[in-house]
Amino acid sequence: MPNYIVGDIQGCFDEFEQLLEQIQFNLSTDTLWVAGDLVARGPKSLETLRYIRDLGSSAKVVLGNHDLHLLAVSQGLFPAKAKDKTQPILDASDREELLSWLRQQPLMQEHDEFVMAHAGISPQWSLKRARKESDKISKLLQSDKWPWLIENMYSNTPDLWSKDLEKIERYRYAINSFTRMRFCFPDGRLDMGCKLPPKEVSDNQFIPWFNLPQRKQLDKTVLFGHWAALEGYQGKDVIGLDTGCVWGGELTILRWEDKKFFTQRAL
């Protein structure tokens with residue numbers, strides 16, 4: 001019963017279909033883990049959402065920043081941008097069913113041997129803390145309070161975790177860590193501005209969250225997407241799967257059991 005983990009699809013549905021054919025994905029025996037950002041920038045976000053929703057229990061999904069932004073757009077908090085190419089979702093006859101399904105997805109999924117989140121796991125958190133904060137966000141997204149959460153999630157602060165944070169600050173830090181994080185300052189504070197490859201940034205200024213010396217060890221491999229500039233990444237206990245298909249790169253799937261990578265170039 002293989003477990004396949006796919007990086008950011010972002011509406012690149014044709015490439016996604018070809019990858020599934022390449023791995024001979026079997027709905028009855030295989031599990032597909034989707035590392036967030038199902039939608040935005042690619043041409044077929046609507047088809048992607050429908051397909052993954054229809055996989056039912058054969059798919060394990062986490063939300064990415066683009067998925068959360070789609071929810072904000074659906075509430076009229078922002079206009080739909082032409083470059084995001086998500087208007088077909090908002091115009092679809094099954095719009096509400098799709099958006100409701102999206103809200104049921106967590107920020108973190110867990111396997112016996114790995115944990116998956118779109119951007120990663122806060123270097124300040126234990127796995128127990130990450131579970132707790134993911135669960136809190138999930139409960140809010142699935143409740144009548146979800147529009148309030150979505151409206152108030154847009155800020156780069158707080159950039160450092162504390163159990164003493166006010167509720168909305170706590171939620172915002174969790175969302176930013178799970179869905180937007182790339183670099184940290186040397187003291188562990190999150191930086192939300194830099195998107196460069198690590199080789200182009202001085203360690204005296206920014207450090208990738210997974211290389212922070214004081215990062216708490218989770219005893220599981222962290223699988224993540226989000227950071228296309230990494231062009232895929234394999235570390236001691238982290239694997240980055242965003243290889244920038246929507247930017248002309250590749251879509252990547254990892255088969256966990258033998259650590260084999262499958263790729264499809266952007267069409």
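Reply: Let's start with the sheet: it is an open one of three strands in the order β7-β6-β8, with antiparallel pairing. The edge strands are β7 (190–191) and β8 (207–208), and each pairs on one side only. Two strands pair here if DSSP finds at least two bridges between them; helices (H or I, at least four residues) and strands (E, at least two) are DSSP runs, numbered from the N terminus. Strand β6 (residues 183–184) runs antiparallel to β7 and is joined to it by two bridges. In that pairing, Phe183 has Asp191 of β7 as its bridge partner.

Before going on, keep in mind that this is a predicted model, where local features need pLDDT of at least 70 and side-chain atom pairs count only at pLDDT 80 or more, while totals for chains, interfaces and linings use all residues. Residues are numbered from 1 along each chain as its sequence is written, and side-chain values use heavy atoms, with hydrogens and water left out.

Now the helices. α3 (residues 65–74) packs against α5 (residues 95–103) at an angle of about 135 degrees, with the axes 11 Å apart; axes are lines fitted to C-alpha atoms, for helices over the stretch in contact, and angles run from 0 to 180 degrees between N-to-C directions. That makes α3 oblique to α5 (under 35 degrees is roughly parallel, over 145 roughly antiparallel, 65 to 115 roughly perpendicular, and the rest oblique). On the α3 side, Asp67, Leu70, Leu71 and Ser74 make the contact, and on the α5 side Arg95, Leu99, Leu102 and Arg103 do (contact means heavy atoms within 4.5 Å).

Asp94 sits in the loop between α4 (87–91) and α5. Asp94 is buried, at 13% relative accessible area (buried means under 20%, exposed over 50%, partly exposed in between, with a 1.4 Å probe and protein chains only). Leaving aside neighbours within four places in sequence, Asp94 is in contact with Arg50 and Arg53.

Arg41, in the loop between β2 (31–34) and α2 (45–54), has a positive phi near 85 degrees and counts as partly exposed at 22% relative accessibility. Asp219 lies in the loop between β8 and β9 (221–224); its phi is also positive, about 65 degrees, and at 78% relative accessibility Asp219 counts as exposed. Finally, a cis peptide bond joins Thr157 and Pro158, with omega about 0 degrees, and Pro158 is in the loop between α7 (146–151) and α8 (167–179).
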